[in-house]
Amino acid sequence: MFNFTYYTPTQVVFGRDAEEQTGALVKAQGCKKVLIHYGGGSVVRSGLLDRVKAALDREGVAYVELGGVVPNPRLSLVYQGIELCKKEGVDFILAVGGGSVIDSSKAIAYGLAEDADVWELYDHSRQAKACLPVGTVLTIAAAGSEMSNSSVITKDEGGVKRGYNNDICRPKFAVMNPALTATLPPYQTASGCVDILMHTMERYFTPNGTMELTDSLAEGLMRAVMANAKILHADPKNYEARAEIMWASSLSHNGLTGCGSDGGDWASHGLEHEMGGMFDVTHGAGLAAVWGSWARYVYKDCLDRFVKFAVRVMEVENTGAPEEVALKGIEAMEDFYRSIDMPTCFSELGISPTQEQLETMAKMCIVAGGGKKGAAKVLYEADCLRIYELANH
């Protein structure tokens, strides 16, 4: 076990009609004017945006709006939001949506707090010293950004997708009504479930600093997500299953399932970021498509963890050679992905990268990682390329 600091300042308001409390939560922050940031038309069609604005009106909170966030949120809209907020005197950002909206909101908040190009944070040429406060009304259980210290932004030119982590961006509050996720398409629900799993799996597959208690929390979360993902695959309107998934989304990425470890692996996320930047694929689906190839490439270097995962999470019998048990666990996870209609390779994801594109993604993945990536097995450019090649069928 390594020393750790566990920091989770986000106030959670969870349950049916929780969004009705948004106005009071924002007012308690003592702000003068709010930017309501959101994505496409779903929050408008569902009436959620009107309910949020009504809640702000009841508390006398002034606001302006900026929609248009897309999956793999774009830097260009972040810049637009920064300029709008400067013009309007905004001092609080309210994200109404999923992880993409929250990430875009965090980037705007960073950009407003300092007189510098916000992209410098995401290309890691400087560190943030300040961030405006952010609150969230969650509509998609997936990214965990509603309680995390992370955000991911895509630069329009070149499709460069980069993440930045800093505790100062953690939201002040997260409003979570599971019923708001009931209208999501099945593909988005399943992709979200994969993303949730991966936030814990990235922390789990590491050889250093593990704790039995943290492992047990992580294993229980993964089992719960898989069980409820299958329920939602058959019964998309099941409120209890959606509540389980929504809470798991937050707990998987607020740091809880990594306490005591060396920080985790994160190679699968790095690999997928390049796929998302180049092909604009849905994040969770992209993770599912590359994970099996990553796992088969690295498992021998982190064998004890893969065996533990196979036995405790995937319920593989612990008989036979450890390598055999580990591989059965990997196969069982891929079977789960298929059971909820998630891809396990690039062709199932709907992309067919050329060799040149694979090489470009491998190079960019290592550039983003500062020369290497991973903890289960440290990966370099040639390793990333081989994993992409294994997935490209």
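Predicted model: local features only at pLDDT ≥ 70, side-chain atom pairs only at ≥ 80, totals over all residues.
Two strands count as paired if DSSP finds at least two bridges between them.

Strand 6 covers residues 150–155, and strand 7 covers residues 160–165. How many bridges join them? There are 6, and the two strands run antiparallel.

Most residues other than glycine have a negative phi. Two residues here are worth a look on that score. Asp17 is not a glycine, yet its phi is positive, about 60°. Find Asp17 in the loop between strand 1 and helix 1, the helix of residues 22–27. Glu315 is the other one I want to show: again not a glycine, again a positive phi of about 60°. Glu315 lies in the loop between helix 12 and helix 13.

Strands of a sheet pair through backbone hydrogen bonds, either parallel or antiparallel. In what order do the strands come?

Let me zoom in on one pair. Strand 4 is residues 92–97, and strand 5 is residues 134–138. They run parallel, joined by 5 bridges. Within this pair, Val96 has Val137 of strand 5 as its bridge partner.

What lies across the sheet? I will show two helices.

On to helix against helix. Two packed helices are described by the angle between their axes and the distance between the axes.

Start with helix 4 and helix 5. Helix 5 is residues 99–113. The two axes are 9 Å apart, at an angle of about 50°. That makes helix 4 oblique to helix 5. The crossing is right-handed. Which residues make the contact? From helix 4 come Val78, Gly81, Ile82, Cys85 and Lys86. From helix 5 come Ser104, Ala107, Ile108, Gly111 and Leu112. By class, that is 6 nonpolar, 3 polar and 1 charged.

Next, helix 8, residues 212–234, with helix 12, residues 303–312. Their axes come within 11 Å and cross at roughly 50°. Helix 8 is therefore oblique to helix 12. Here too the crossing is right-handed. On the helix 8 side we have Glu212, Asp215, Ser216, Glu219, Met222 and Arg223. They meet Arg305, Lys308, Phe309 and Arg312 of helix 12. What classes do these residues fall into? There are 7 charged, 2 nonpolar and 1 polar.

Helix 8 also packs with helix 13, residues 322–339. The angle is about 25°, and the axes are 10 Å apart. The cut-off for roughly parallel is under 35 degrees. Helix 8 and helix 13 are therefore roughly parallel to each other. Is the crossing left-handed or right-handed? Helix 8 passes helix 13 in a left-handed crossing. Helix 8 brings Met226, Ala229, Lys230 and His233, and helix 13 brings Met333, Phe336 and Ser339. This contact divides into 4 nonpolar, 2 polar and 1 charged.

Last topic: salt bridges. The count is 22. I will pick one of them, where the side chains of Asp280 and Arg74 meet, 3.4 Å from N to O. Where are the two residues? Asp280 lies in the loop between helix 10 and helix 11, and Arg74 in the loop between strand 3 and helix 4, so the pair ties together parts that are 206 residues apart in sequence.

That is the tour.

Note on methods
Residues numbered from 1 in each chain as written. Heavy atoms only, no water. Axes fitted to C-alpha atoms, helices over the stretch in contact; angles between N-to-C directions. Helix = DSSP H or I, 4+ residues; strand = E, 2+ residues; numbered from the N terminus. Parallel < 35°, antiparallel > 145°, perpendicular 65-115°, else oblique. Left-handed = near helix turned anticlockwise from the far one by under 90°. Contact = heavy atoms within 4.5 Å. Nonpolar A, V, L, I, M, F, W, Y, C, P; charged D, E, K, R; others polar. Salt bridge = Lys/Arg side-chain N within 4 Å of Asp/Glu carboxyl O.
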